[in-house]
Amino acid sequence: MSEAAISFLGTLGEDQKKTAVVPFTDLSRFDWHFTPRTRKGLPLKNMYAAQRRLAMAMVQLVLSPEGYSKAEQIIDLENVLRVVENRPPNDTYRDPENFAFLIFGKPGGSDPWGWRVEGHHLSLHFSSIDGEVTYTPSFMGSNPGKVLADVPQKGKRILKSEQDLAFELLHSMNASQHEKAVLGEQSPNEIFTSNSRKASLDKMEGIPMSELNGEQKDLFRQLIMAYLNRYHVTLKNQQWDKLEKADINKIHFAWMGDKEAVIGANHGQYYRIHGPGFLIEYDNTQNGGNHIHTVVRDLTNDFGEDLLKMHYEKAHAK
């Protein structure tokens, strides 16, 4: 990751570097969002072709082929929204070039550093502290959830497995399991943790994995993996190991909203996967249940905060 970042930085002019690099301690590291807005960092539109290739190579490195494909398709949906919303080709609100790269600190040294790529419906954060890499918060969204417009992308569902596996798990449950898993008939309009610096929920709700049968447990694992498979195999395995050590049987599945995938006014669904130190949220309520937000959070180590605390404690101990 350091080598990829150094290669990218090596192509930038001085003015570009001033835009693309800030100190690791800069508070903009925690100022993240998934809506269209002006962003700190160097956007694709202000890069030469070779710089864009190296910037996207950073993304490709930390994601799996599946995850990288999702990221590319999310960026491309900006072109779909321009058509759906009748915007001109030079529109800057729905803009596939308004995805910005920002590096925190100096890659390659012994000090902590990190980077992010962020734009509409894509916000990926990576921190490197004492040789360990973290990947949360990690947001991917899809508007439309299913492309209905008559465009080349018609029928595309970028977050298909994240939706279909959840419905399959829900539909496999008996009445008593449903009673525990379903928190309400109305889905919220947004993920509960939004773009908070530190994610927290009062308690784990829903049904724990320990109360599922063998086939349901397998489905639940597949659903969790639908998210973890987005990332480089090292990051995926690192996260799964943490979940197993914390006891995967304590991971809860909670549902709100429609129990069938219906697109239309007043339709939508929400679920979350909540375990010790770990949270996934999925919301598909806006645009009549055709506008998906998903986020993966580490409840103690987003932005590498836990690792950073240990890093500073070690430094003071010396």
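Both domain 1 (1-136) and domain 2 (159-300) contribute at least three residues to the lining of the largest pocket, with the domain bounds taken from an automatic or database domain assignment. The model is predicted, so to speak of local features takes pLDDT of at least 70 and side-chain atom pairs count only at pLDDT 80 or more, while totals for chains, interfaces and linings use all residues. Residues are numbered from 1 along each chain as its sequence is written, and side-chain values use heavy atoms, with hydrogens and water left out.

The largest pocket holds about 220 Å³ of space. Here a pocket is an open set of points on a 1 Å grid over the protein atoms alone, where a 1.4 Å probe fits, with protein on both sides within 12 Å along at least five of seven lines; lining residues have an atom within 4 Å of a point. Of its 14 lining residues, T134, Q238, K242, D298 and N301 sit closest to the centre. Strand 6 (132-134), helix 8 (233-245) and helix 10 (305-317) each put in at least two lining residues; helices (H or I, at least four residues) and strands (E, at least two) are DSSP runs, numbered from the N terminus.

Then there is strand 12 (residues 278-284): seven of its seven residues are buried, so the rest of the structure largely encloses it. Buried means under 20% relative accessible area with a 1.4 Å probe, protein chains only. Strand 12 pairs antiparallel with strand 11 (residues 269-275) over seven bridges, where pairing takes at least two DSSP bridges, and Y270 stands opposite D283. Seven bridges also join strand 12 to the antiparallel strand 13 (residues 292-298), with E281 opposite V295.

Definitions and conventions
Points joined across faces, edges and corners; volume = space filled by probe spheres on them. Buried < 20%, exposed > 50% of the residue type's maximum accessible area, 1.4 Å probe, protein only.
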